[in-house]
Amino acid sequence: MVMLVDCSKCRTPLQLPHGAKSIRCAVCHAITLIGEPRNAPPTPPPSYLPPATFSPNNNYNYYAPPSATPVPAPSPYNQAPSSQNPSVHGRKKAVIIGISYKNSRNELKGCINDAKCMKFMLVNRFKFPEASILMLTEEETDPYRIPTKHNIRMAMFWLVQDCQSGDSLVFHYSGHGSQQRNYTGDEVDGYDETLCPLDYETQGMIVDDEINATIVRPLPRGVKLHAIIDACHSGTVLDLPYLCRMDRAGRYAWEDHRPRSGAWKGTSGGEVISFSGCDDDQTSADTAALSKVTSTGAMTYAFIQAIERGQGNTYGSILSSMRSTIRKTDDELGGSVVTTLLTMLLTGGSAGIGMTQEPQLTANEPFDVYTKLFSL
């Protein structure tokens, strides 16, 4: 039986080793004391992998290093996202999140369109089985697929659960992003980057430290994860150690973003590469100015355009193409460049705005962006 307890500080579910009297959270490092049960422990609710696994040596403060191998735990997504079991070890698996914050003062027009376009591309161009793609949007009827903080956390754990060498994973998010002050010294700019779930105003945001602990650190050798994050302040939202700083001429250098504290932000041997909508101090556009057909996130549109136009051979060519697309004026874009991925959607209505964002590329290890071939 898997026993789970919530962290006393950040409420992250943690897997409790048998007989443990306390446990340290891998996300916020708070220690949660475990009381003696009055009766036999109840059957735990369906849950998911903890941010770290634990190896009992005594009864105090178990904490697994980043290289620990994840231990499977029950999850409601073990039977999702269709009536049949996902084809997980068909080697391709994806979580796609689009949040519009409908009927709120923070409403976005293009994020659900982004999610639909991304799913269409993964299925039709990269041959991801539909059964292994988990969609979280406000349009879903299953309550487990509404993009709340709890459901997004569960989806992230589902994405990396039982991953094996040869697996290709994708995490796509289109929605609001933000920042909050970092007090641990782990951030170069002094701020943590965050994702904003549908219920972030009551449940809080998802911080980059937690995202890193959940879908980056557990990845074993031979597993590849691509993240595509279309949100404000998203440059280093996976907390990856290296950022590719590219100028407008295409020249680039890798910046070292490893925390001065020495905290490990890499993987357990796997590979993680992230495309994000903008730098940490920039905002990402939600606009109809690019497609001329429907509201989309500028970054998601530019990423799909790069792939559809045959400019997706290498990571450098994709990043250059994305930046070029966003910099172009409305007149230069015109209707002729709208892809089939976007014309499949109904037209939406938001006014075009100027683009001031620069898409970013981060990774767990530096590489030659112009020779490394892109593949999902």
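How many aromatic pairs does a search of the whole structure find? The search finds 10 aromatic pairs. A pair requires ring centres of Phe, Tyr or Trp (its six-membered ring) within 6.5 Å; planes under 30 degrees apart count as stacked, over 60 as edge-to-face and the rest as tilted. The model is predicted, so local features were taken only at pLDDT of at least 70 and side-chain atom pairs only at pLDDT 80 or more, while totals for chains, interfaces and linings use all residues. Residues are numbered from 1 along each chain as its sequence is written, and side-chain values use heavy atoms, without hydrogens or water.

Tyr252 and Tyr370 form an edge-to-face pair, with 5.7 Å from centre to centre and 65° between the planes. Tyr252 lies in strand E13 (residues 252-256) and Tyr370 in the segment after strand E17 (360-363), so the pair ties together parts 118 residues apart in sequence. Helices (H or I, at least four residues) and strands (E, at least two) are DSSP runs, numbered from the N terminus. Tyr252 is partly exposed at 27% relative accessibility. Tyr370 is also partly exposed, at 36%. Here buried means under 20% relative accessible area, exposed over 50%, and partly exposed in between (1.4 Å probe, protein chains only).

The rings of Tyr315 and Phe374 have centres 5.4 Å apart and planes at 80°, so this pair is edge-to-face. Tyr315 belongs to helix H6 (residues 315-327), and Phe374 to the segment after E17, 59 residues apart. Tyr315 is buried at 0% relative accessibility, and Phe374 is buried at 10%.

The charged end of Lys93 sits over the ring of Trp158, 4.3 Å from its centre. Lys372 lies over the face of Phe367, at 5.5 Å from the ring centre. The criterion is NZ of Lys or CZ of Arg within 6 Å of the ring centre and within 35 degrees of the ring normal.

The largest nonpolar core has 36 residues, of which Leu122, Phe275, Phe303, Leu361 and Phe374 touch the most other members. Such a core is a set of buried Ala, Val, Leu, Ile, Met, Phe, Trp, Tyr and Cys residues joined through side-chain atoms within 4.5 Å. Elements that each supply at least two residues of this core include strand E6 (133-137), strand E14 (271-276), H6 and E17. Helix H5 gives the most, with seven residues. Apart from this core lies another, of 34 residues, among them Leu134, Met156, Ile206 and Leu238. Beyond its neighbours within four places in sequence, Leu122 is in contact (heavy atoms within 4.5 Å) with residues including Ala94, Ile96, Ile133, Val170 and Leu376.

An open sheet of three strands has the order E8-E9-E10, with antiparallel pairing. Strands E8 (177-181) and E10 (206-207) are its edges, each pairing on one side only. Pairing requires at least two DSSP bridges between two strands. Two bridges join strand E9 (residues 191-195) to E10. Leu195 has Ile206 of E10 as its bridge partner.

Positive phi values occur in residues other than glycine. Tyr101 has phi near 55°. Tyr101 lies in the loop between strand E5 (92-98) and helix H1 (111-124), and is buried at 3% relative accessibility. Asp239 has phi near 60°. Asp239 occupies the loop between strand E11 (224-230) and strand E12 (242-246), and is buried at 8%.
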